[in-house]
Structures are given as structure tokens and as C-alpha cells.
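Please consult the sequence and the structure shown here alongside the text.

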Amino acid sequence: MKAFTTLTLSTSLLSATALADTISFDDVTLGAAPPGWIATKTGKGAAKWTIEKDDTAPSKPNVLKQSGEATYPVCLKSDTSLKNGFVEVKFKPISGKEDQAGGIVWRAKDSDNYYIARANALEDNVTIYHTVNGKRTEKMRTDMKVASGQWHRLRVDFSDSHFTVILDGKKAIEWDDKTFTEAGMVGVWTKADSVTLFDDFSYGSK
């Protein structure tokens, strides 16, 4: 299976059809961070982003795994620059005493400045934040079931100052903000000691 597949997606949340890239992490070296990504963190600690084989992967055989511990591990697709569009990923929270989270990032300037939406299996909620100069601030939260040890699909549609967060096909949050108005990178995110798997990372411009 090719790691990069061009798809044409059309949803009711997008006003126009967008070309999307989907990354399934299947044509890359095991045990290392994926090429073309900035495998890093916000804050302190040591994030560990690696490609691993996983028999439960939605698109077998590989996944992107975060198994380190840092304030906020973040992995950014370095060649992306989206102002309006969407980002989506399938994630599976595995373990973590402090956190069991899967998140997606958009309009990222760098590892300290971005928007983030995350789903948390310890708290059973979905939350949207912005991170400015390394400081994360919560903006809105919705209680939703997020089962540990199961795959979920998290998506954000963003158009100018309006953002819609969707978990497993259900709308979780709508929010408006003008902190970051320029195009930026997209990526994935976790928190603290959360061990999380990611697969089928999709994004597209509008």
C-alpha cells in the first residue's frame, strides 16, 4: 500500500471539494520518525515518535506511535501550509496515567504556536486549545465517550476564524478565533505520558 494516496473528498462541512493527501505510514522505515515530519515537543521532556508495526492498524501494517514523555509531544508535517481546509487522523489511546490523548494540530508556525483539538480517554471529552509561545490555553470542551484501546477518528474543518471539531463522525465543538490567521503546518499531538497510535493522517486545502 502506498503511503501517500490522493483522494477527492467532499463533505457537508466543506463548501467545496478539496484534494486531500492521506498518509498511512506504510512505506517508511520501522523504529524511526517518519521522513518529512518534525518529530518534536512543546515544553519539557523527551517525545518519542516512531513508525511501528501494529496488527490493529486501520490500514495495515504500520502506525505512527508516540511513546515518550514530554509536556506536549507534537509531530508536524513539515511541507504543509494550510490556511483553510481540514485535517483528520485515526488514533488509538493505549496507556498513560496522567493522560491518554490523541490530538491534531493546524496552522502551526512551529512547535510552540498552533491550534490543537484533542480527545482524551481518561476524561471522556474533546477539547480545543490554542498554544501561544509554548503556553496552551483551553477554549472549549465537550463531554464525549473516548474509549481507551480503541481506534477513533478525529477531524477539524477550519475556514478563516471558524473551526468545527468532529469525533467519530459526531460534531463535538464549533469555535471562532483569530489568534492564528495565516497558513501553517498540520500534525498530530499528545500530552505527558500518553502512549498513542496514529494512522491514516489526512489533510487538504479548501
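A polar contact is a pair of N or O atoms within 3.5 Å. In this predicted model, the side chains of Asp157 and Arg155 form such a contact at 2.9 Å. A search of the whole structure also finds 12 aromatic pairs.

- Asp157 belongs to strand β12, which spans residues 152–159.
- With a relative accessibility of 5%, Asp157 counts as buried, because buried means under 20% relative accessible area.
- Arg155, the polar partner of Asp157, also lies over the face of Phe86, at 4.2 Å from the ring centre.

**Aromatic pairs**
- Among the 12 aromatic pairs is that of Phe25 and Trp37, whose ring centres are 5.7 Å apart and whose planes meet at 50 degrees, so the pair is tilted.
- Phe25 lies in the loop between β2 (18–23) and β3 (37–46), while Trp37 is in strand β3, so this pair ties together parts that are 12 residues apart in sequence.
- Phe25 is buried at 2% relative accessible area, and Trp37 counts as buried at 9%.
- The rings of Trp106 and Tyr115 have centres 5.5 Å apart and planes at 20 degrees, so this pair is stacked.
- Both Trp106 and Tyr115 are buried.

**Aromatic cluster**
- One aromatic cluster is formed by Trp106, Tyr115, Phe158, Phe163, Trp175 and Phe180.

**Charge over a ring**
- The charged end of Arg136 sits over the ring of Tyr129, 3.9 Å from the ring centre.

Conventions: Residues numbered from 1 in each chain as written. Predicted model: local features only at pLDDT ≥ 70, side-chain atom pairs only at ≥ 80, totals over all residues. Heavy atoms only, no water. Helix = DSSP H or I, 4+ residues; strand = E, 2+ residues; numbered from the N terminus. Buried < 20%, exposed > 50% of the residue type's maximum accessible area, 1.4 Å probe, protein only. Polar contact = N/O pair within 3.5 Å; in protein donor to acceptor, adjacent residues only side chain to side chain. Phe/Tyr/Trp six-rings, centres within 6.5 Å; stacked < 30°, edge-to-face > 60°. Lys NZ or Arg CZ within 6 Å of the ring centre and 35° of its normal.
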